[in-house]
Amino acid sequence: MTSVKVIVVPGATGNQGGSVVETFLKEPGWHVRGITRNPSSVKAQALSARRVEIVQADMDEPKTLELAFKSATAIFAVSDFWGLYGDPANKDKPKPGTPLNVWAAGHEEQQLKNVIDTAAKVPTLERFIVSSLSNATKCSKGKYSHVYHFDSKARAVDYGRGKYPDLWKRTSIFQAGFFLSNYVRNPFTQPQRNPEGVVQFIGQLDPDVKMPMIAPEEDTGPVVKALVKEAAGKNVIAYREWISVRELAQTFTEMTGLNSEVIMLSKTEANLLLPPELKLELDDNFAYFNEFGYEGRDDPTVIHPSDLSSPPDLDSVANYLKKQDWSKVLTA
């Protein structure tokens, strides 16, 4: 009799974790254990009703992770910098003089280290998948050192690789591309309709720089499944299409019938729209993308979904744009 495999998903109610849960619920021979700080939440209860084992644990408390990871065959480790930054309960936690986003980066790094430390103790673990991003400071040779929400994850990966070589023999890295949902729900990147009715994609990205575009709530699970089934040691930049913002806007027009254009802001113009503590971070963020690529294009370890032996079958950017309610987005 074949034993059931267990995949453990911290952040099971979030975008990336939720996608992994959805994928493995459909996978024969797998039991899904979802980790959440609040098992009584509506999302957690909905997952429980669908045969997901819900376990209460907190990435800030390693002891709670030990029970949650017991008997795991695979673990998908994901953190949430922007959730930490945006949580009102955290606004007074930084020490005086420390910006909230710098605090969030350090806190996220420690949370991932807690997960890595705990995963290293699980004897049944066959595959450890870490959601990370490129190290902007390292890839830019120090030119862009304020992309905190990238570097925090990358530093945690470096920590795990150096401290736990045996665990790293069973580890692969999942790098989520640029979220398509940024154009739907993020006030900094949502398109706007001008008085002439033209939909404008406004931001600091060079309109012709190619970007890995992903719908994390749909695409994370299929990519993670492929990584779980393959030999370890992969570092995948995950995306459904590699396109520029100009190409995205053209696809938007084709799908909606609305005229669109791309406007690239100067640093000065962009800074007028940002909270003070985010100016350095987002200036460096988009300048890094424009010059060195989202994934740190000179990193020789990075591979693409098509390089996997069983590439995931992901949907198109066009279909993602087509199914959004743009009337709500454009009036927000």
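## A salt bridge across the chain

Glu 66 counts as partly exposed, at 34% relative accessibility, where buried means under 20% relative accessible area, exposed over 50%, and partly exposed in between (1.4 Å probe, protein chains only). This is a predicted model, in which local features need pLDDT of at least 70 and side-chain atom pairs count only at pLDDT 80 or more, while totals for chains, interfaces and linings use all residues. Residues are numbered from 1 along each chain as its sequence is written, and side-chain values use heavy atoms, with hydrogens and water left out.

The side chain of Glu 66 meets that of Lys 121 in a salt bridge (3.6 Å, N to O), a term for a side-chain nitrogen of Lys or Arg within 4 Å of a carboxyl oxygen of Asp or Glu. Because Lys 121 lies in the loop between helix H5 (100-119) and E5, and Glu 66 in helix H3 (residues 62-68), the pair ties together parts that are 55 residues apart in sequence. Helices (H or I, at least four residues) and strands (E, at least two) are DSSP runs, numbered from the N terminus.

## The sheet

An open sheet of 7 strands, with parallel pairing, has the order E3-E2-E1-E4-E5-E6-E11; two strands pair if DSSP finds at least two bridges between them. Strand E3 (53-56) and strand E11 (235-238) stand at the edges with a single partner strand each, so one side of each is left without a neighbour in the sheet.

Glu 218 forms a salt bridge with Arg 240, their closest N and O atoms being 2.8 Å apart. Arg 240 counts as buried, at 11% relative accessibility, and salt bridges that share partners join Glu 218, Asp 219, Arg 240 and Lys 323 into one network.
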